[in-house]
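Please look over the structure below before reading on.

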Amino acid sequence: MKETAFVSKDQNRAKTRNLVVIGILGLLIVIAFMISMNTGFIRLTPLEVIRTLFGYGTEKQQLILFEFRLPRIVISVLVGMGLAVSGCVLQGISRNALADPGILGINAGAGLAVMLYISFFPTTTTVPVFFLPVLAFSGAGITAIIIYSLAYKRNEGISPMRLILTGVAIAAGISSVMIVLTLRLSPENYQFLATWLAGSIWGSNWKFVLALLPWILVLIPFVFSKARVLNVFNLGDLTATGLGASIEKERRVLLAAAVGLAGASVSISGGIGFVGLIGPHLARQLVGSRHQYLIPAAALSGGLLVLIADTMGRWILQPSEIPAGIVVAVIGAPYFLYLLSRLKD
Amino acid sequence: MSTPAGVSAEIEELIEKNKKSRPIVAIIILFGGIFALLVSIALSISFGAADINLETVWTAVFHFNPDLTPHQIIREIRMPRVLGAAMVGSCFAVAGALMQGMTRNPLADSGLLGLNAGAAFMLALCFAFFPGLPFMYLIMYSFLGAGLGAGIVYGIGSMSRGGLTPMRLVLAGAAVSALLGALSEGIALYFRIGQDLAFWYAGGVSGTKWINLQVMSPWVIAAMIGAIIISRSITLLSLGDEVAIGLGQKTKTIKVFGMILVLVLAGSAVSVVGAVGFVGLIVPHLTRLLVGHDYRWIIPCSIVIGGLLVVLADLAARMINPPYETPIGALIALIGVPFFLYLARKGGREL
């Protein structure tokens, strides 16, 4: 683990360096954004993209860009940010390098809630979009509570490994319930749900952006404002209590924020796993483990990751699309395995 | 395994001392279990959309008359299905028992350790690229796939710093399953074979045909006989590698042989019903609780109880919400998940 920023004597230089890194990540998102704009069945040159963005494009270009590609790209970035920050918080509060809303089963809980809704009210056009994140949040919240209480042991508290194992098992249980539900669906609904579950950015529509945006805009700054608390958590529960942090209360509040971020993201994107794992780890490699830098860096790398995955998914097997969730899992699972092999118990 | 008589007696004593074994209970379970299995097979055959009473089942099996429709239904649809369920249950259970014994890992199960996902991935590939492949070849690919999954999981597990702990293996298994699952899902979406695959992933014995059983049974029977032959060595391995080596066991050979058996069993079961998990986890634990730690009893009893569990699960799956069938994989997971949580809560201590 390179915790250069943490131990560096020259705080100021580390600060500048980290800000530069975060700036570069932002720049990369802009570049990926431009590339993603160009990727798809109908190609547009970068110049055309810029022209259209400023309102000088043809009507067709406007339609493609504003109605199809742009919302999708925005959603990819937002979802990536939400999941990565959620993972970052979960890793922070549990001091568990392998924590991720997908692996812990929180995404599965959110997915189940959405799916229950869709299978009982099958006409997806009438689903009030703003309701979806709320629904997903409650599903994710219930699951999180179940997992937390099952993994809790009175004398030992929560051990990281047991937490993850419990999450894996709960996720397995939930997915079996989901399988039961999918078989009841008509083929059209099934195809839709299967694509959604595989983590495709399906709501390529401004309405979904609006549904997701408030959650991201409120919760990420909130988590950011708690960066100091998260830093204290890193030192261990005893030290944190010694420093005057009211551990359990802060932990619950942060956990709720993480669940909210994951739930809202999943309700729009479907099952994208591993972003919450890779984003923070990547960020930690780049800017060290202080949450003031870690959270923005994680958010940006998460956004970048999902954006790239979605773009690649559109590009690899043209003209058909691979859901972003599958692309992320193919990158993420090996990374998880790598982390697992380095982790000591 | 030509140990002198004196050492052999010593081994017996050691087993007796360390791991209590209850042969009488085991014999009762074997006979009672076989009886229960036969009864539930008969019940399962008689239950279905077309109502058929037990008498008809009897005559259809022993005095088959091709002119009668019920007899046709029994012979062509229900019998292969139920026998398939029994066979698959036994396969998963024995595979789980072997893995638990060899690795001393209480959380070992072919589903949890990535074998099922590997086999399923291979089958998805086959469905996509060679749609008409005969079952005889499918099952071979399934073995290969199981080997692939196991290879990755154990490879990662043994590369890691802390060694092969049970929890680490399960986590590696979960990640490998996620990876292979994502890949199969991508294939399914791309080739539009999704819903076929979904049913089959969830564990459908409904499509079982005589040809599947014909192809599968020689492999399965051979593997089970193999498992019973090495069961004594498995017991010794379950006491720890040092003990087993000290008692003159060729641990490497046995482990390789055992692993091949596991691959064959899990692979052939997956090729028929898809990735049903948790059978290999639940059954051996239950059996161990009942008959003690001697694998010479655990393995035969697992064959019976595993078959019984899946036949009953299949029966329940058809009874819950007729005429729809609930996938048995999902049903078994509903029992398996709490059980797994219980084991994980105990801390995944070594057997």
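**Notes on the predicted model**

1. Chain A has 15 helices and two strands. Helices (H or I, at least four residues) and strands (E, at least two) are DSSP runs, numbered from the N terminus. The model is predicted, so local features need pLDDT of at least 70 and side-chain atom pairs count only at pLDDT 80 or more, while totals for chains, interfaces and linings use all residues. Residues are numbered from 1 along each chain as its sequence is written, chains are lettered from A and ligands numbered from 1 in the order in which they are written, and side-chain values use heavy atoms, with hydrogens and water left out.

2. Chain A has 345 residues, and 57% of them count as buried. Buried means under 20% relative accessible area, exposed over 50%, and partly exposed in between (1.4 Å probe, protein chains only). Take the contacts in chain A with a separation of 6 or more: residues 24 or more positions apart account for 77% of them. Contact means heavy atoms within 4.5 Å.

3. Chain B holds 15 helices and zero strands. It has 351 residues, of which 56% are buried. Among its contacts between residues at least 6 apart in sequence, 78% join residues at least 24 apart.

4. Which residues does Leu212(A) touch, leaving aside its neighbours within four places in sequence? They are Leu78(A), Val79(A), Ala264(A), Ser265(A) and Ile268(A). Leu212(A) sits in helix α9 (residues 206–225) of chain A. Its relative accessibility is 0%, so Leu212(A) counts as buried. Ala144(A) is 68 residues from Leu212(A) along the chain, and their C-alpha atoms are 20 Å apart.

5. Ala269(B) belongs to helix α12 (residues 251–273) of chain B. With 0% relative accessibility, Ala269(B) counts as buried. Neighbours within four places in sequence aside, Ala269(B) contacts Val88(B), Cys91(B), Phe92(B), Met216(B) and Gly274(B). Between the C-alpha atoms of Ala269(B) and Ile229(B) there are 21 Å; the two are 40 residues apart along the chain.

6. Now helix packing in chain A. Helix α4 (residues 59–94) and helix α14 (residues 291–315) of chain A cross at roughly 135 degrees, and their axes come within 7 Å. Axes are lines fitted to C-alpha atoms, for helices over the stretch in contact, and angles run from 0 to 180 degrees between N-to-C directions. That angle makes α4(A) oblique to α14(A). Angles under 35 degrees count as roughly parallel, over 145 as roughly antiparallel, 65 to 115 as roughly perpendicular and the rest as oblique. The α4(A) and α14(A) contact includes Ser76(A), Gly80(A) and Ala84(A) of α4(A), and Ala298(A), Gly302(A) and Val306(A) of α14(A).

7. In chain B, α6(B) and α9(B) pack with axes 9 Å apart, at an angle of about 45 degrees. That makes α6(B) oblique to α9(B). From α6(B), Phe135(B), Met136(B), Ile139(B), Met140(B) and Phe143(B) meet Ile211(B), Asn212(B), Val215(B), Met216(B) and Trp219(B) of α9(B).

8. How many aromatic pairs does a search of the whole structure find? Five, over all chains. One of them is Tyr335(A) with Tyr338(A), a tilted pair: 6.0 Å centre to centre, with 40 degrees between the planes. Rings of Phe, Tyr and Trp (its six-membered ring) pair if their centres lie within 6.5 Å; planes under 30 degrees apart count as stacked, over 60 as edge-to-face and the rest as tilted. Tyr335(A) and Tyr338(A) are three residues apart in helix α15 (residues 324–342) of chain A, so about one helical turn separates them. Tyr338(A) is partly exposed, at 39% relative accessible area.

9. Phe143(B) and Trp219(B) form an edge-to-face pair, because their planes are at 70 degrees; the ring centres are 4.8 Å apart. This pair links distant parts of the chain: Phe143(B) is in helix α6 (residues 135–159) and Trp219(B) in helix α9 (residues 210–229) of chain B, 76 residues apart. Phe143(B) is buried, at 11% relative accessibility. Trp219(B) is partly exposed, at 33% relative accessible area.

10. Last, the cysteines. The structure holds zero disulfides over all chains. A disulfide is a pair of cysteine sulfur atoms within 2.5 Å. Cys126(B) is in no disulfide; the nearest cysteine sulfur belongs to Cys91(B), 19 Å away. Cys126(B) is buried, at 2% relative accessible area. For Cys301(B), the closest cysteine sulfur is also in Cys91(B), and at 17 Å it is too far for a bond. Cys301(B) counts as buried, at 0% relative accessibility.
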